[in-house]
Amino acid sequence: MPWRGSKNPYHVWVSEIMLQQTQVDTVIPYYRRWLKRFPSVKKLAKANQREVLRVWQGLGYYSRARNLHKAAQKVLREFNGNVPNDLERLRTLPGVGRYTAGAIVSIAFNGDAAVVDGNVKRVLSRLFNLQYDVKSPQGEKELWALAESLVPHGKAGDYNQALMDLGATICKTQNPLCEQCPLKKFCEAKKLGVQEARPVAKKKKPTPHYDVTAGIIRKNGRVLIAQRPADKLLGGMWEFPGGKMEKGETKEMCLRRELKEELGIEVKVGKPVMTLRHAYSHFKITLYVFETKLIKGKPRAIEVADFKWLPPRALAAYPMGKTDRLIAESLINHS
């Protein structure tokens, strides 16, 4: 892990944000690429959002990148470019919550701060055989209090990283390696044989699925792309315009309605080009892509942040989600 051992608060901050809901092996190349392009808070703060999202592209959960960018600008503006070294000021930064602030303070500044992430929840739930839902508000409160009571004075950074590593490599979600665990003699859940039933969690609801459409609209050798609103999923990213099907609609009806609502244009939906499937954190989609002809009106940014007509080769410079990137790559390859 290239960030391990670093006391640079900016490096610690970037790594912790990237590691939220993303596996280590996935993060490593993105972390290296990010620091090569944005080696300091100042470099990040002065970059434009399109470049920030382009470098982040493929890592997912794009609000993390937008918040990092905004937070860097705040650090430059309010803290003279220096990442704060205390929990209170760190938590005023966009995207920095209780866990991230604790990680930065303990690892970069050796402050006595606790961390509670998924790995730590699992270790403590098993070690103390916690029988409450650790994701409930009361459960979170009690777990944080427990974590804070255990932090060793002057050694929080090493302790927190060790605890997270223990959860990631030994005290795993399924089939934990209990016989290799240095805490096996003290683990209450292991003594009772209930380690795989900890932490206690509510049963997950079925993952919803949505059918979505997108149109490839051409004009004089260019294609139309739209920028998603900043406050929506994939905010700031670019896409081939379209949207989610409503009950009773055909795919063609959906695409015509969405393009009218978002861009104020009327279109003729042509032949299907491809069908793509993708899973997000809380839902899944099937995306139906059509050749689409503009028949009336000029595009306007009604329910989108912006739009552009671009030659296919220029699409590579615009940050997109996974499915739209696949469409763009197909257009680039065939141009």
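1. Basis. The model is predicted, so local features need pLDDT of at least 70 and side-chain atom pairs count only at pLDDT 80 or more, while totals for chains, interfaces and linings use all residues. Residues are numbered from 1 along each chain as its sequence is written, and side-chain values use heavy atoms, with hydrogens and water left out.

2. Helix α10. Helices are DSSP runs (H or I, at least four residues) and strands likewise (E, at least two), numbered from the N terminus. Helix α10 covers residues 156-169, and its 14 residues should span 20 Å at 1.5 Å a residue; the expected span is 1.5 Å times one less than the number of residues. The end C-alpha atoms are 20 Å apart, which agrees. Among the buried residues of α10 are Ala156, Asn160, Leu163 and Met164 (buried: under 20% relative accessible area; exposed: over 50%; partly exposed: in between; 1.4 Å probe, protein chains only). The buried residues of α10 pack against α1 (9-18), α7 (98-109) and α8 (118-127), where contact means heavy atoms within 4.5 Å.

3. Aromatic pairs. The whole structure holds seven aromatic pairs. Rings of Phe, Tyr and Trp (its six-membered ring) pair if their centres lie within 6.5 Å; planes under 30 degrees apart count as stacked, over 60 as edge-to-face and the rest as tilted. Tryptophan 34 and phenylalanine 38 are edge-to-face, at 4.9 Å centre to centre and 65° between the planes. Both residues are buried. Ring pairs link Trp34, Phe38 and Trp56 into a cluster.

4. Tryptophan 238 is in strand β3 (residues 238-239) and tyrosine 318 in the loop between β7 (306-310) and α13 (322-334), so the pair ties together parts that are 80 residues apart in sequence. Tryptophan 238 counts as buried at 4% relative accessibility, and tyrosine 318 at 8%.

5. Charges over rings. Arginine 50 lies over the face of tyrosine 318, 4.1 Å from the ring centre. The charged end of lysine 251 sits over the ring of tyrosine 288, at 4.6 Å from its centre. The criterion is NZ of Lys or CZ of Arg within 6 Å of the ring centre and within 35 degrees of the ring normal.
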